[in-house]
Amino acid sequence: MKSIRAIVEEEGISLTPQRLAIIDFMEGNRTHPTVDEIYQDVKSMYPTISKATVYSTMQLLCELGAVQELSIRKRGEACFDPRENKHQHFLCRKCNRVIDISVDLYDEEDIIKAIDSRGHRVEDVHSYFYGVCSDCIQSK
Ligand SMILES: [Zn+2]
Ligand SMILES: [Zn+2]
């Protein structure tokens, strides 16, 4: 799997230190941060960075296919995931964490085959599950 930085550099896009800091933060990040969370982190190193820069950088990374924007919403905000192996997402409605779940879903393959066999072409699958995570259940 290519790093986000490698994908961007292949496109010949020049990276400012601020953009690089955003990319470093996203590289292998499993916490599905929102624009605000990325901004809070990068701001500690680059106090002059603006939210607009974070936003436009994330749009660019999505366009390049280096990260994906999840349609799941954390507190109503979009969140982002580096494009790695296919996995499912579980959103805890109590602590608002988005947790990666990796399972082989043979059923999913069957659904894709069924759609393809009707002459369509599946390009992407997003599975979202909602509930309460184990930490929140235990801390009741
Ligand atoms: Zn939770
Ligand atoms: Zn994920």
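View 1. Donors are N, O and S atoms within 2.8 Å of the metal (3.2 Å for Na, K and Ca), and because water is not among the atoms, sites may look incomplete. In this predicted model, local features need pLDDT of at least 70, side-chain atom pairs count only at pLDDT 80 or more, and totals for chains, interfaces and linings use all residues. Residues are numbered from 1 along each chain as its sequence is written, chains are lettered from A and ligands numbered from 1 in the order in which they are written, and side-chain values use heavy atoms, without hydrogens and water. Meet the zinc ion (ligand 2): His 32 (NE2), Asp 81 (OD), His 87 (NE2), His 89 (NE2) and Asp 100 (OD) coordinate it at 2.1 to 2.2 Å.

View 2. Strands (E, at least two residues) are DSSP runs, numbered from the N terminus. Asp 81 is buried, at 0% relative accessibility, while Asp 100 is partly exposed at 22%. Here buried means under 20% relative accessible area, exposed over 50%, and partly exposed in between (1.4 Å probe, protein chains only).

View 3. Three strands make an open, mixed sheet in the order 4-3-5, with strand 4 and strand 5 (128-131) at its edges. Two strands pair if DSSP finds at least two bridges between them. Strand 3 (residues 88-92) and strand 4 run antiparallel, joined by four bridges, and His 89 stands opposite Asp 100.
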